[in-house]
Amino acid sequence: MTNETQDPDLCRSIARRDFIMRAASGTVIAALGGGLYAISDRLTREAKAQTRDDGRPRVPPGQRVIETLKPMGGTPGDPSRANFKLRVHGEVKSPYELDFAELMAMGPVTVRSDVHCVTGWTMLDAKWTGVTVKALAERAGLESTARHVIFEAAAGYTANVRLREALRDDVMVAWDFGGQPLRRPHGAPVRAVVPDLYFWKSAKYLTGIRFVARDEPGYWETRGYNNHADPWKEERYA
Amino acid sequence: MPDGGAQSEAEAPASKRRFKLRWRQWLRALHRDFGYIAVGLTFIYALSGLAVNHIADWDPSFENFEREYVVETPLPTDDDEAAAVLVQRHAGIAEAPIDVYRVTDDLLELTFEHRTLHVTLSDGKVFEEGQEPRVFLRAANWLHLNRGKKAWTWFADGYAVVLVFLATSGLFMLPGRKGLLGRGAVLVGLGIAIPLVYLSYVGSP
């Protein structure tokens with residue numbers, strides 16, 4: 001007995017067996033936990049049963065519904081509304097610049113829309129207050145050459161959206177989220193909101209809207225992410 | 001030979017052996033020294049990689065906070081600076097604001113370096129939100145994502161080349177059964193198989 005327990009080969013063998021058993025137990029517990037989590041995801045289950053007015057499912061494939069926005073990083077800009085300026089320029093007849101008061105004076109609208117992040121989460125019925133990109137474009141007067149919109153943001157961030165998608169009624173620049181001023185992690189003071197594309201297109205810390213004739217892939221689009229970003233087609237990567 | 005001497009048969013294997021020893025010694029020395037150089041950047045890229053990989057679960061660069069409270073009223077509606085001083089006094093904030101901005105008749109905004117106070121003047125309600133940078137991770141993420149561009153692109157490229165050298169030189173460090181002809185081959189195969197199996201399982205991009 002004593003000799004057996006002191007046999008180094010046997011000790012190593014027992015230790016290895018012990019390790020494998022513990023690792024296997026850990027894996028089984030983690031898998032069961034993940035399974036239970038998936039089964040208990042009521043929000044996603046209920047939303048997946050719904051259909052949008054355009055006939056598409058409410059929740060795009062590969063998405064899980066959560067209750068609120070996640071910050072998702074990015075290089076912050078100046079969060080002060082006092083210093084805010086939005087430049088509307090490019091292929092337009094009358095480029096202009098607005099401060100925060102002038103932007104608000106354009107007549108805010110409140111829109112509820114779903115948000116879909118490329119990392120796999122979706123938030124339903126996010127409430128945004130702001131001005132539509134369509135209203136901003138009408139004020140500038142689009143040239144017939146304009147085909148794409150480039151959202152310009154702090155630290156050189158850009159995101160490109162096709163013009164006809166950017167001029168939808170629910171695409172906007174927003175300063176309130178959920179009835180509260182937009183928080184810093186979510187792009188204060190003003191961000192873009194493009195509900196039907198993955199959320200990286202909704203540039204935070206917005207500084208400009210540029211209308212262009214030729215498409216210009218933006219920050220993430222030049223780093224391997226899809227140029228269009230339709231969540232229903234799972235256009236996540238290039 | 002340039003010096004006119006001829007190599008004897010007995011000398012050849014010895015010089016071959018010396019060459020064999022010498023290149024492995026050189027490889028080991030280079031691997032060691034480049035490895036030392038790579039330590040700092042490896043920590044930066046690895047820790048930042050872990051942090052950013054889980055960006056859907058947390059903010060890797062900032063700790064975010066928000067709270068709501070009520071300060072004593074009345075607050076002056078005709079003097080923004082005076083209202084700001086009163087709000088700060090009630091909220092216990094000594095730091096001077098960067099901006100005091102009247103958003104609407106009833107809404108005053110106080111911007112500080114790491115927080116913003118949105119004050120409803122009529123009822124004294126304050127919505128405070130802000131973010132404190134995670135000092136190391138914010139800098140590491142900034143470097144890892146090459147947000148600054150400029151010369152860092154060169155350092156990042158150099159680091160990538162050093163990693164390729166470390167991986168390649170590591171293959172030939174050990175001779176024999178624990179080297180590339182034995183256990184090393186199995187482990188290298190495993191390392192190559194993991195991404196291939198993953199890609200074949202989930203589908204390529």
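Which residue of S9(A) does A:Asp176 stand opposite? Keep that question in mind as you go through the points below, and remember that this is a predicted model.

1. **Chain A as a whole.** Let's begin with an overview. Chain A contains 6 helices and 11 strands. It has 238 residues, and 49% of them count as buried. If you take the contacts in chain A between residues at least 6 apart in sequence, 66% of these join residues at least 24 apart. The chain exposes about 11700 Å², with carbon and sulfur atoms supplying 53% of that area.

2. **Strand S8 of chain A.** S8(A) spans residues 172–177 and is mostly covered, with 6 of its 6 residues buried. Strand S5 of chain A, residues 121–132, pairs with S8(A) in the antiparallel sense over 5 bridges. To find this pairing on your screen, look for A:Thr132, which stands opposite A:Met172 in S8(A).

3. **Two further pairings of S8.** S8(A) also pairs with strand S10 of chain A, residues 191–193, through 3 bridges in the antiparallel sense. Here A:Ala174 has A:Arg191 of S10(A) as its bridge partner. Then there is strand S9 of chain A, residues 180–181, which runs antiparallel to S8(A) and is joined to it by 2 bridges. Now for the opening question: A:Asp176 stands opposite A:Pro181 in S9(A).

4. **The turn between S8 and S9.** The hairpin of S8(A) and S9(A) has 2 residues between the strands. Have a look at A:Gly178 in this hairpin, where phi is positive, near 65°.

5. In soluble globular proteins, nonpolar side chains tend to be buried together. The largest nonpolar core in this model has 41 residues, and those with the most contacts inside it are A:Leu103, A:Leu136, A:Phe151, A:Leu206, A:Ile209 and A:Phe211. Helix H5 of chain A, residues 133–140, gives the largest share of this core, 4 residues. Apart from this core lies another one of 18 residues, among them A:Val111, A:Cys117, A:Phe199 and B:Ala56.

6. **A closer look at A:Leu103.** What does this residue touch once its neighbours within four places in sequence are set aside? The contacts of A:Leu103 are A:Phe84, A:Leu86, A:Leu98, A:Val131, A:Leu136, A:Val173, A:Trp175 and A:Val190.

7. **The sheet of chain B.** Chain B has an open sheet of 5 strands in the order S1-S5-S4-S3-S2, with antiparallel pairing. S1 and strand S2 (99–104) of chain B stand at the edges; each has a single partner strand, so one side of each is left without a neighbour in the sheet. On average, neighbouring strands of this sheet are turned by 15° against each other, direction ignored.

8. **Inside and across that sheet.** Strand S4 (residues 115–120) and strand S5 (residues 125–133) of chain B run antiparallel and are joined by 5 bridges. In this pairing, B:Arg115 has B:Gly130 of S5(B) as its bridge partner. Helix H2 of chain B, residues 80–91, lies across S1, S2, S3, S4 and S5 of chain B and runs at about 65° to S3(B).

9. **B:Ser61, a loop residue.** B:Ser61 sits in the loop between helix H1 (11–53) and strand S1 (62–70) of chain B. Is this residue buried or exposed? B:Ser61 counts as buried because its relative accessible area is 14%, and buried means under 20%. Leaving aside neighbours within four places in sequence, B:Ser61 is in contact with B:Glu132, B:Pro133, B:Arg134, B:Arg138 and B:Asn141.

Methods: Residues numbered from 1 in each chain as written. Chains lettered and ligands numbered in written order. Predicted model: local features only at pLDDT ≥ 70, side-chain atom pairs only at ≥ 80, totals over all residues. Heavy atoms only, no water. Buried < 20%, exposed > 50% of the residue type's maximum accessible area, 1.4 Å probe, protein only. Contact = heavy atoms within 4.5 Å. Areas by Shrake-Rupley, 256 points an atom, 1.4 Å probe, with all protein chains shown as cover. Pairing = 2+ DSSP bridges. Axes fitted to C-alpha atoms, helices over the stretch in contact; angles between N-to-C directions. Core = buried A, V, L, I, M, F, W, Y, C linked by side-chain atoms within 4.5 Å.
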